[in-house]
Amino acid sequence: MEVISTKQEEKSPRLWLKALLIFGISVALLIPQVLITHLIDERQATRTEAQSEVSQSWSGTQHIAGPAIIIPNSNDSSYISIFPSDLKITGNLTTETLKRGIFNFSVYNVPLTITGEFDFPAKLASMNISHYVMEKAYLFISLSDLRGLTDNATLTWNGEKHTIETATGGSNNDIATGLTYAVNIQPILDGQKIRFTIQLPLKGSEGLYVAPVGNITNAELKSDWGSPSFQGNFLPTSRQVSDSGFTASWKVLAMNRNFGQVRTNSTCWDSLMEDCEFGVDLHIPVDQYQQTTRTVKYAFLVIVLTLAVVFFVEIRRNTFIHPIQYLLIGIALLLFYTLLLSFSEHIAFSCSYLIAAIMTIGLITAFMAAILKGNRKTAFIVGLSLSALYIFLYVLLQLETYALLVGSIGLFVILAVAMFATVKLRNER
């Protein structure tokens, strides 16, 4: 009994030293884990740069505000903006895919129809407008990217059709870029209502936003894009979304926003309107870089648990496994993330994850079989443990609301199994 006790006492320090060494290897592998994270950021930056190039060539996110009647004073030093009493915007947004390098980007065409009417606003009656020149009044609609115009925009004003001109600042530098046309507002001053229709053939990328400048603003948008992300200060009052596309409608009242129907010396596009705009982004269902980044965050946990399983196998089988072999297994586990990143740039993330996992599990299982001198059963157990770990990780990646809950329960179960495994090892010694 004393001889056995002495052997156990001699073996325990070696096990502790080996366990500390394995933990040290796991910590050291945090360095390449950080490098992989930087690699993901670099690839994502490359994709963002390619997307910017596409937006420069095609057109960027479109922001639309207006129309508004602009009335300047005699020396063009100030002006009044009058917004329509009724405004309706309709459009059918069709998407297409552009390729830049290995990256694909979705862009859209949307012929917008903007209709409504202007009448004499009550606030204008209480203002001193004698120094404003009504003959210089013009209709203005703010458009963030004029390159998005695919054809001449037309205006039907009080029954007469006109071609709208582009404007890059007007006589006052506060006026945004967009479309303009000189109009006769005398009927409005006489108490009449004037109907208007604007045909705006437009293209853009990433998103489309509208400012609700009407006293009552209604907007209806249809699209073949199946994963919209509705953004802005107002969500759709009704929507229907399916894999084949979406239909959405908005209704915004003047009392819902923070500016009135008549403004003095205020642009047709400023921070107030930006705060009130609504619209839709062409949301990409799966961003492989975000998914891969989330996966890499669990790398240390995967490495520690896998090396712990290998350590238990070493003790159970009484087979010496060299520290360099532990290091090689850790490197193989890190290689999983570079494989995942590489494949996900060309195929779906789920398929990339499956391929990278099979390659990594197969390599480590074969390596363990070689180390254990053909003991396939034990090597298979290691591979099965690693498979369960990767399945658990993939489930966490798919969850959003319950990711923390499921992750915490999963880690608790893993810790419990590890604790009872060490007890069994102690009883066998």
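Residues are numbered from 1 along each chain as its sequence is written, and side-chain values rest on heavy atoms, with hydrogens and water left out. As the model is predicted, local features need pLDDT of at least 70 and side-chain atom pairs count only at pLDDT 80 or more, while totals for chains, interfaces and linings use all residues.

Rolling a probe the size of a water molecule over the atoms shows where empty space is left. Here a cavity is a set of points, on a 1 Å grid over the protein atoms alone, where a 1.4 Å probe fits but cannot get out, and lining residues have an atom within 4 Å of a point. Grid points are joined across faces, edges and corners, and a volume is the space filled by probe spheres set on the points. The largest cavity holds about 100 Å³ of space. It is lined by 13 residues, of which Leu208, Val210, Ala219, Leu221 and Trp250 are the closest to its centre. At least two lining residues come from each of strand S3 (86–100), strand S11 (207–210), strand S12 (216–223) and strand S17 (278–281); helices (H or I, at least four residues) and strands (E, at least two) are DSSP runs, numbered from the N terminus. By class, this lining consists of nine nonpolar, three polar and one charged residues, where Ala, Val, Leu, Ile, Met, Phe, Trp, Tyr, Cys and Pro count as nonpolar, Asp, Glu, Lys and Arg as charged, and the others, Gly among them, as polar.

Attention now turns to the aromatic rings. A pair of aromatic rings is described by the distance of the centres and the angle of the planes. Rings of Phe, Tyr and Trp (its six-membered ring) pair if their centres lie within 6.5 Å, with planes under 30 degrees apart counted as stacked, over 60 as edge-to-face and the rest as tilted. The structure contains 15 aromatic pairs. In one of them, the ring centres of Phe118 and Trp157 are 5.9 Å apart and the planes stand at 50 degrees, so the pair is tilted. This pair links distant parts of the chain, with Phe118 in strand S4 (residues 103–118) and Trp157 in strand S6 (residues 154–157), 39 residues apart. Phe118 and Trp157 are both buried, a term for under 20% relative accessible area, with exposed meaning over 50% and partly exposed in between (1.4 Å probe, protein chains only). Phe336 and Tyr353 form an edge-to-face pair, because their ring centres are 5.4 Å apart and their planes lie at 90 degrees. Since Phe336 belongs to helix H8 (residues 323–344) and Tyr353 to helix H9 (residues 349–371), the pair ties together parts that are 17 residues apart in sequence. Phe336 and Tyr353 are likewise buried, and ring pairs join Phe336, Tyr337, Phe349, Tyr353, Tyr390 and Tyr394 into a cluster. A charge also meets a ring: Lys203 lies over the face of Trp58, 4.4 Å from the ring centre, the criterion being NZ of Lys or CZ of Arg within 6 Å of the ring centre and within 35 degrees of the ring normal.

The backbone has its own points of interest. Most residues other than glycine have a negative phi, and most peptide bonds are trans. Gly66 and Pro67 are joined by a cis peptide bond with omega of about 10 degrees, and Pro67 is placed in strand S1. Asn158 has a positive phi, near 55 degrees, and sits in the loop between S6 and strand S7 (160–163). Its relative accessibility of 46% makes Asn158 partly exposed. Glu206 has a positive phi near 70 degrees and is found in the loop between strand S10 (194–205) and S11. Glu206 is partly exposed, at 34% relative accessible area.

Three further residues complete the picture. Asn73, in the loop between strand S1 (62–72) and strand S2 (79–82), is buried at 6% relative accessibility. Beyond neighbours within four places in sequence, Asn73 is in contact (heavy atoms within 4.5 Å) with Ser78, His131, Tyr132 and Val133. Asp86, in strand S3, is partly exposed at 25%. The C-alpha atoms of Asp86 and Leu98 are separated by 37 Å, the two residues being twelve apart along the chain. Ile414, in helix H11 (residues 403–428), is partly exposed at 26% relative accessibility and touches Leu305 and Leu389, not counting residues up to four places away in sequence.

How values were computed
On a 1 Å grid over the protein atoms alone, a cavity is a set of points where a 1.4 Å probe fits but cannot get out, and a pocket is an open set with protein on both sides within 12 Å along at least five of seven lines; lining residues have an atom within 4 Å of a point.
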